[in-house]
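Me: I'd like to go through a model with you before I set anything up. Can you take my questions in whatever order they come?

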Amino acid sequence: MKTDKIKSPIKYPLKNKLIVLVLVAMVPILYVAIYLILALVNYSRAYDQIVNRMLVANAYNINFKEEMDESLYKLVVSSITFATIEEDGTLKDPYKLIDELRTESNSLLGMTTDRESRVWLQSLLRNVDTLEDRVDDIKANQEAQGQYEKNIDMLYNDIYILTELIQDDIQYYIYYQTKSIELLRIQLNKEVERVILISILLGGCIVAAVILITSAILNSITKPRK
């Protein structure tokens, strides 16, 4: 008559139990640390991109109107022509200023995602196109000669107003980019708060798990073998 052997419970080596204990304690902590690092990297990258866009816009906010107004004023009131303007050394070709601003604005438009900032960039580009048309008119009048009064009138009633509008567009763009930084800061604070909450919950779970596993290990060590 065959007797069934009673199977004894599987016993795991102490080494394996200690490995489980370490993994239970370290894996969740490592996960939270990696998550926090990646979040900080992403927010830092987004912050740097906004700051770089603001630096580009601010450079034109400071220089464009002054350089354009001065160059066109000298073109209208002096003997300087579009062909010789850069020989002066202190003036810049209006067409080059317009092309540079248009190129940078299109580049910013491609990188900007928030609606308000894009609206002002699009307004800027429309005003740049209109400004170029008025510069074309001044150039045509200069070549035709005898159009001094007409060019003076266009300078004060068109050019200066358009460069003022372009400067306003740039300033509004910078303003909304500043708001984007503030929104980014708020999102980062919320993310940090969420990570702290998750860390507290995980910490409690880890402590409970470590206590249970440690208790099991101690029981297996101190329990007499049969």
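Me: Is Glu67 buried, partly exposed or exposed, and at what relative accessibility?
Reply: This is a predicted model, and in it Glu67 counts as partly exposed because its relative accessibility is 24%, where the buried class would need a value under 20%.

Me: Which residue does Glu67 form a salt bridge with?
Reply: Its partner is Lys92, and the closest N and O atoms of the two residues are 3.4 Å apart.

Me: Let me step back: what does the secondary structure come to?
Reply: The protein has four helices and zero strands, and reading along the sequence gives the pattern α-α-α-α. Among the contacts between residues at least 6 apart in sequence, 76% join residues at least 24 apart.

Me: What share of the residues is buried?
Reply: Buried residues make up 31% of the 226 residues in the protein. The accessible surface comes to about 15,200 Å², and 61% of that belongs to carbon and sulfur atoms.

Me: How many residues are in the largest nonpolar core, and which have the most contacts inside it?
Reply: That core has 39 residues, and those with the most contacts inside it are Phe64, Leu72, Leu131, Val135, Ile159 and Ile166. The elements that give two or more residues to this core are helix 1, helix 2, helix 3 and helix 4. As a general background point, nonpolar side chains in soluble globular proteins tend to be buried together.

Me: Which residues is Leu72 in contact with, leaving aside its neighbours within four places?
Reply: With those neighbours set aside, Leu72 is in contact with Phe82, Pro94, Val135, Leu155 and Ile159.

Me: Phe82 again. How many aromatic pairs does the structure hold, and where does Phe82 come in?
Reply: The structure holds four aromatic pairs. In one of them the rings of Phe82 and Tyr95 have their centres 5.7 Å apart and their planes at 45°, so the pair is tilted. Phe82 lies in the loop between helix 1 and helix 2 and Tyr95 in helix 2, so this pair ties together parts that are 13 residues apart in sequence. Both Phe82 and Tyr95 are buried. In the pair of Tyr175 and Tyr176, the ring centres are 5.0 Å apart and the planes are at 75°, so that pair is edge-to-face. Tyr175 is partly exposed, with a relative accessible area of 46%.

Me: Moving to the surface, which residues form the nonpolar patch?
Reply: Tyr73, Val77, Tyr148 and Tyr156 form a nonpolar patch on the surface, with about 370 Å² of accessible area together. Helix 1 and helix 4 are the elements that give two or more residues to the patch. Tyr156, for its part, is found in helix 4 and is partly exposed, with a relative accessible area of 44%.

Me: Last one: where does Gln147 lie?
Reply: Gln147 lies in the loop between helix 3 and helix 4, and it is partly exposed, with a relative accessible area of 27%. Gln147 and Val76 are 71 residues apart in sequence and 9.5 Å apart in space, C-alpha to C-alpha.

Methods:
Residues are numbered from 1 along each chain as its sequence is written. This is a predicted model: local features need pLDDT of at least 70, side-chain atom pairs count only at pLDDT 80 or more; totals for chains, interfaces and linings use all residues. Side-chain values use heavy atoms; hydrogens and water are left out. Buried means under 20% relative accessible area, exposed over 50%, partly exposed in between (1.4 Å probe, protein chains only). Contact means heavy atoms within 4.5 Å. Accessible areas come from the Shrake-Rupley method with a 1.4 Å probe; for residues, only the protein chains shown count as cover. A nonpolar core is a set of buried Ala, Val, Leu, Ile, Met, Phe, Trp, Tyr and Cys residues joined through side-chain atoms within 4.5 Å. Patches are made of residues with over 30% relative accessible area and no salt bridge: like charges are joined within 9 Å, nonpolar side chains (Val, Leu, Ile, Met, Phe, Trp, Tyr) within 5 Å. A salt bridge is a side-chain nitrogen of Lys or Arg within 4 Å of a carboxyl oxygen of Asp or Glu. Rings of Phe, Tyr and Trp (its six-membered ring) pair if their centres lie within 6.5 Å; planes under 30 degrees apart count as stacked, over 60 as edge-to-face and the rest as tilted.
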